[in-house]
Amino acid sequence: MSVPATAEGALLRHAANASRVDIARLAPPGALLVVVPHPDDETFGCGMALAAAGDSGRRIVVALLTDGEGSHPTSRLFPRDSLVDLRAREFTEALRILVPDQQVSVERLHLPDGSSRIDTGTLDSLTALARQHDVRAIWATWAQDPHCDHEVAGKLAAKVAERLGSPSWSFPVWGRFGERGLPDGMAIFADPAMNIRKRAAMAVYASQTTALIDDDPNGFIMPPALLDHFATHPEIFIRG
């Protein structure tokens, strides 16, 4: 995936006139399942809304598809196991900041970062997880995000929601940028108090936002303009 340097795109232009949505509509009372492809997508994509859901008494369940081991594939300072451990610690701390008043239930699926796919076993596992927690709403990255793992997360969540008859919402991450078709049912969520937590959680992800891992020329680092965008822009949700 080519990472854009600036925060511009068709979805962002459309979002400027989108209606606002409240947490009661995004997440009815009960448990909320959030399906994310990598550690950090829960924060950058829906951190404000996730924090608001926790504050509103929703029980939070997060299904993490991959361990994020593909972000710096040739680092010698942080070989695979060290990188997985680092990203897991960042993920745990970010969730603690976003949802401080409950223990978030996390299911790690350990799919391969950068080459995950939908299979019956994964779909059945996610469905069982949702039923175990009596999930009443499902969020996931947008299936039209230009990254295979984001696409898989979105499609898996849609299939689980269909099986359960639960409402679902997608949150674009990389699909915010660039020119692509506009979906129906777009809304935005913003909460200044929850944005404080989102910014704090974003700062935890030093592996993705700073030069902490500086020995991999192909390693990922969030461009400054996009970092500022995710810290300040309302979150975008698309009804499933």
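A: The model is predicted. Strand E5 (residues 135–141) and strand E6 (residues 168–171) pair in the parallel sense. Four bridges join E5 and E6.

Q: Which residue is the bridge partner of Thr141 in E6?
A: Phe171 is the bridge partner of Thr141.

Q: In what order do the eight strands sit in the open sheet?
A: The order is E1-E7-E8-E6-E5-E2-E3-E4. The pairing is mixed.

Q: Which strands stand at the edges?
A: Strand E1 (19–20) and strand E4 (105–111) do. Each has a single partner strand, so one side of each lacks a neighbour in the sheet.

Q: How many bridges join E2 to E3?
A: Six, and the two strands run parallel.

Q: How many of the eight residues of E3 are buried?
A: Seven, so E3 is largely enclosed by the rest of the structure.

Q: On to helices. Which strands does H3 lie across?
A: Helix H3 (residues 41–55) lies across strand E2 (31–36), strand E3 (59–66), E5, E6, strand E7 (186–189) and strand E8 (235–239). H3 runs at about 80 degrees to E8.

Q: And what angle does H6 make with E5?
A: About 160 degrees. Helix H6 (residues 148–164) lies across E2, E3, E5 and E6.

Q: Back to H3. Is Thr43 buried or exposed?
A: Thr43 is found in helix H3. Its relative accessibility is 0%, so Thr43 counts as buried.

Q: What does Thr43 touch, leaving aside neighbours within four places in sequence?
A: Thr43 is in contact with Ala94, Leu98, Lys198, Ala201, Met202, Tyr205 and Glu235. There is also a side-chain to side-chain polar contact between Thr43 and Glu42, at 2.6 Å.

Q: Which residues of H7 are buried?
A: Met194, Asn195, Arg197, Lys198, Ala201 and Met202. They cover an arc of only 160 degrees around the axis, which puts them on the same side of H7.

Q: What's exposed on the other side of H7?
A: Pro192, Ile196 and Ala203.

Q: What covers the buried residues of H7?
A: The cover includes H3, helix H4 (80–98), helix H8 (206–209), helix H9 (224–232) and E8.

Q: How far does H7 reach from its first C-alpha to its last?
A: Helix H7 (residues 192–204) reaches 19 Å. That is close to the 18 Å expected for its 13 residues at 1.5 Å a residue.

Q: Which residue caps the N-terminal end of H7?
A: Asp191 does. A side-chain oxygen of Asp191 lies 3.0 Å from the backbone nitrogen of Ala193.

Q: Now the backbone. What is the phi of Asp40?
A: Positive, about 120 degrees, although Asp40 is not a glycine. Most residues other than glycine have a negative phi.

Q: Where does Asp40 lie?
A: In the loop between E2 and H3.

Q: Buried or exposed, that Asp40?
A: Its relative accessibility is 7%, so Asp40 counts as buried. The cut-off for buried is under 20%.

Q: What about the phi of His110?
A: Near 55 degrees, again a positive value in a residue other than glycine. His110 lies in strand E4, and E4 is one of the edge strands.

Technical notes
Residues numbered from 1 in each chain as written. Predicted model: local features only at pLDDT ≥ 70, side-chain atom pairs only at ≥ 80, totals over all residues. Heavy atoms only, no water. Pairing = 2+ DSSP bridges. Contact = heavy atoms within 4.5 Å. Axes fitted to C-alpha atoms, helices over the stretch in contact; angles between N-to-C directions. Expected span 1.5 Å × (residues − 1). Buried < 20%, exposed > 50% of the residue type's maximum accessible area, 1.4 Å probe, protein only. Arc of directions from axis to C-beta. Polar contact = N/O pair within 3.5 Å; in protein donor to acceptor, adjacent residues only side chain to side chain.
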